[in-house]
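Biologist: Before we talk about this protein, could you set out the terms as we reach them?

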Amino acid sequence: MMTQGRMAVLLVIAILCIDQVVKIWVKTSMELSESIRITSWFYINFIENNGMAYGMQIGSKLALSLFRVVAIVFLIYYIWQQVHKSDTKWGYVVCLSMILAGAAGNLIDCMFYGLCFDASTYSHVSQYVGLGNGYAPFLMGKVVDMFYFPIIDTTYPSWFPFWGGERFIFFSPVFNFADSAISVGVVALLLFYRKEISQISTSKEVTAEKES
């Protein structure tokens, strides 16, 4: 039980450290949209976004940041419950911890990057300017993304319906280490721990019935 708790804490700290080290290095070393080629299918491509994982945007920036805070608080409470159960599988705790760490990693960007750094531009590398002197207020900072994997970069043949002659890239999203942790955690939950996920909704229904 306590071993799972320590494992969860260490995993979250490790993911956060890797995520923030990479982001801060990119933020303070590269101009916006600057790209470093590692291989033909892997680039470090610096972009920033206001949205969720892989650059998606849903609703306002402030609402999204507040949603992250609520989700993180819920995850911390839920993981705390799970590690105090004798029958909880360690892999389930690992998946939840990865999702928690990924969400927290992107929230750190929103909370502090706008406060501490000046704005990255296409001709200026951002610098640390001191707390409160940055480009955006608390919770309004942009999320740093950098990993780009154009595994397939080709052109649709001219005879292809609708998109003939247009460029096709797989995989086109630019993401960060925190996004990866969230994605791996969610996919692993869906593949291996559907029973545990279903028990969440079942327990909520039982609680609602008791309250009514």
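Modeller: Contact here means heavy atoms within 4.5 Å. By that criterion, residues 24 or more positions apart account for 64% of the contacts in the protein chain with a separation of 6 or more. This is a predicted model, in which local features need pLDDT of at least 70 and side-chain atom pairs count only at pLDDT 80 or more, while totals for chains, interfaces and linings use all residues. Residues are numbered from 1 along each chain as its sequence is written, and side-chain values use heavy atoms, with hydrogens and water left out.

Biologist: Why is I152 called partly exposed?

Modeller: Buried means under 20% relative accessible area and exposed over 50%, with partly exposed in between (1.4 Å probe, protein chains only). The relative accessibility of I152 is 41%, so I152 counts as partly exposed. I152 is found in strand β4, residues 152–155, and together with W41, I151 and F170 makes a nonpolar surface patch of about 410 Å².

Biologist: What makes the span of helix α4 close to the expected one?

Modeller: The expected span of a helix is 1.5 Å times one less than its number of residues. Helix α4 (residues 177–192) has 16 residues and reaches 22 Å from its first C-alpha to its last, close to the 22 Å expected.

Biologist: Which residues of α4 are buried?

Modeller: The buried residues in α4 are A178, D179, S180, A181, G185, A188 and L189. At the start of α4, a side-chain oxygen of N176 also reaches to within 3.0 Å of the backbone nitrogen of A178.

How values were computed. Patches are made of residues with over 30% relative accessible area and no salt bridge: like charges are joined within 9 Å, nonpolar side chains (Val, Leu, Ile, Met, Phe, Trp, Tyr) within 5 Å. Accessible areas come from the Shrake-Rupley method with a 1.4 Å probe; for residues, only the protein chains shown count as cover. A salt bridge is a side-chain nitrogen of Lys or Arg within 4 Å of a carboxyl oxygen of Asp or Glu. Helices (H or I, at least four residues) and strands (E, at least two) are DSSP runs, numbered from the N terminus. A polar contact is a pair of N or O atoms within 3.5 Å; within protein, one must be able to donate a hydrogen and the other to accept it, and residues adjacent in sequence count only if both atoms are side-chain atoms.
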